[in-house]
Amino acid sequence: MSVSAAPEQADFCGVGGLQPLAQCPCRTSEAVISAGSLRAAVSLSVCQSVCLRVCPSVCLTRAGGGMAGWGGFFFSLLNYKTEKYVIAENRRIGILFRLYQLAVLGYIIGWVFVVKKGYQEREEAIQTSVITKLKGVTLTNSSETGLHLWSAEDYVIPPNGEQVFFIVTNYIETPNQRLGYCAESFRVPDGRCQSDYDCAEGEAVIAGHGIKTGVCLNSTGTCEINAWCPVEYSERPPEPLLSEAENFTIYIKNFVRFPKFEFSKSNVLETSDDTYLKRCSYDRETHLYCPIFRVGDVVRWTGHDFQDMAVKGGSVGVLIEWNCDLDKDASECNPQYSFTRLDMNQNNSATSGYNFRFTRYYKDQNGETYRTLYKVYGIRFDIMINGQAGKFNIVPTIIAIGSGIALWGIGAFVCDMILLYMMNTSSYYREKKFEIINFKKDRTKSKDGKAAHKEKRSRKAAAGKEAANSKKPEENEATVESQQPADSRGPTIPRNTGQRYSAILSNQGAEPRHHITFSSHN
């Protein structure tokens, strides 16, 4: 049996069927057994193992039955991918991954569960009711009206205890107004005139007090109007007339209910002592459940002074918050009060303050109607209720834990991307991580291996017997063979051509080729 070199295009690789080597990318400097008389003896697994060792990514595709192009792509969609855990001894990636895990763990435990109580079911659709009541009296003395005693029925608008109410702190009074003809105020731009032409009869004065009569009064420089006369005085007192209003008290009674949990509570202390509310005053530490507030204290808690606000008025918001953890005792569900000024903070601003007008009508002895006009300044109070309740429930707990697990997986994904695609050794890690498994081909390969193993054992047994019978002739032949020059030796062919093989090419003649063929001669 001799060995001769064959042309390259005649070489074949038996991966996924016999394929010409010119079409197989798994070409290497290693010797590949070619087609010929020994092709039937070459095991498919041998050629496959060589090809897989040299370039696995391409030959694995060939092993799938020659699928390529779009057909191979669509068939690959039917494959199932499962995780393969590989321990990469890379300290930088390991430290990065552990730091991320600690951050996610701190976020889940500290923020989600401790701060936000993510294990609880929440109820924010609060049902609430507010009842207000004011008490206090004060005395005013003005040159126009003289002494006047103000009680809650006078200075509280509306007086029926609603969630929004107004307290009078300053006012301008225009008494004894009767229907008639008088001059418009010079402070009204549309009421000024130089002749009767400027006062069209029947035309209403814009932002004024009445209807023009068509006459211009030269004494005042304004149009004559049909209105409640005299018109309103426009001088506001520089000091609040009801300065003692800061000692008035506000009683705010609040009921809340969380329908989902069937839980309700009030901000008034449940006691059998009838005198408690008459002698207590709100204090955050000692009397949390005494909802009686001094007006001056409420304004002061907003960061402003009552006397300054009382001149032009203002708007104050009282917020009562109920944040209840129903996993604890009901006594720990307490109201929290906060106070803020809702209008502009600058008293000298044109937009700051709060005022409006109202009248009181009377009849004289002759049955004629007259009225007193009040332009009142004061403080508007808005009682706002807000709150939420929470109680343990397994559903939000599972959702919170699932979100944490998802965040945990993002860290592994990011570290995988860095390890597999952003490092100098990424190709090495990819080779170790990804592996394609085909059960049918692996089973066939295993059977071929077992058959080859049995054949090898039988050949060894036969070789042993032959060696025992012809020990001396073989020794003589080996001695003669060792004396031959090295250059005259041909390639050594293993007995089991289905297993690993080697070839030694002669150094004589032309440059040796990488692919050789074996042929038998009679």
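**Strand pairing and local geometry**

Mentor: In this predicted model, strand β9 (residues 164–183) and β11 form an antiparallel pair with six bridges.

Trainee: Which residue in β11 is the bridge partner of G180?
Mentor: The partner of G180 in β11 is A227.

Trainee: And how many bridges join β10 to β11?
Mentor: Four bridges link strand β10 (residues 211–217) with β11, and the two run antiparallel. Within β11, C223 is the residue that stands opposite C216.

Trainee: What is the phi of G221 in the hairpin of β10 and β11?
Mentor: G221 takes a positive phi near 75°, in a hairpin with four residues between the strands.

Trainee: Why is β11 described as largely enclosed by the rest of the structure?
Mentor: Strand β11 covers residues 222–229, and six of its eight residues are buried, so the rest of the structure largely encloses it. Here, buried means under 20% relative accessible area.

Trainee: Where is P230 found?
Mentor: P230 is in the loop between β11 and β12 (249–258).

Trainee: Why single such bonds out?
Mentor: Most peptide bonds are trans, and most residues other than glycine have a negative phi.

Trainee: Where are K117 and N176 placed?
Mentor: K117 lies in the loop between α4 (91–115) and β4 (120–123), whereas N176 belongs to strand β9.

Trainee: What is the relative accessible area of K117, and of N176?
Mentor: K117 has a relative accessible area of 24% and is partly exposed. N176 is likewise partly exposed, at 41%.

Trainee: Let us move to E124. Is it buried or exposed?
Mentor: E124 counts as exposed, with 57% relative accessibility. The loop between β4 and β5 (127–135) holds E124.

Trainee: Which residues is E124 in contact with, leaving aside its neighbours within four places in sequence?
Mentor: On that basis, E124 is in contact with G387 and Q388. As for N323, E124 is 199 residues away from N323 in sequence, while their C-alpha atoms are 9.6 Å apart.

Trainee: Now the helices. At what angle do the axes of α9 and α10 cross?
Mentor: The axes of helix α9 (residues 394–421) and helix α10 (residues 426–433) cross at roughly 115° and come within 6 Å. On the α9 side the contact involves D416, I418, L419, L420 and Y421, and on the α10 side S426, Y429, R430 and K433.

Trainee: How do the residues of that contact divide by type?
Mentor: The contact of α9 with α10 comprises five nonpolar, one polar and three charged residues.

Trainee: Finally, how many helices and strands are there in the protein?
Mentor: The protein has 12 helices and 19 strands. Of its 522 residues, 33% are buried.

Trainee: What about contacts and surface overall?
Mentor: Among contacts between residues at least 6 apart in sequence, 68% join residues at least 24 apart. The protein exposes about 33200 Å², with 54% supplied by carbon and sulfur atoms.

Methods: Residues are numbered from 1 along each chain as its sequence is written. This is a predicted model: local features need pLDDT of at least 70, side-chain atom pairs count only at pLDDT 80 or more; totals for chains, interfaces and linings use all residues. Side-chain values use heavy atoms; hydrogens and water are left out. Buried means under 20% relative accessible area, exposed over 50%, partly exposed in between (1.4 Å probe, protein chains only). Two strands pair if DSSP finds at least two bridges between them. Contact means heavy atoms within 4.5 Å. Axes are lines fitted to C-alpha atoms, for helices over the stretch in contact, and angles run from 0 to 180 degrees between N-to-C directions. Ala, Val, Leu, Ile, Met, Phe, Trp, Tyr, Cys and Pro count as nonpolar, Asp, Glu, Lys and Arg as charged, and the others, Gly among them, as polar. Accessible areas come from the Shrake-Rupley method with a 1.4 Å probe; for residues, only the protein chains shown count as cover.
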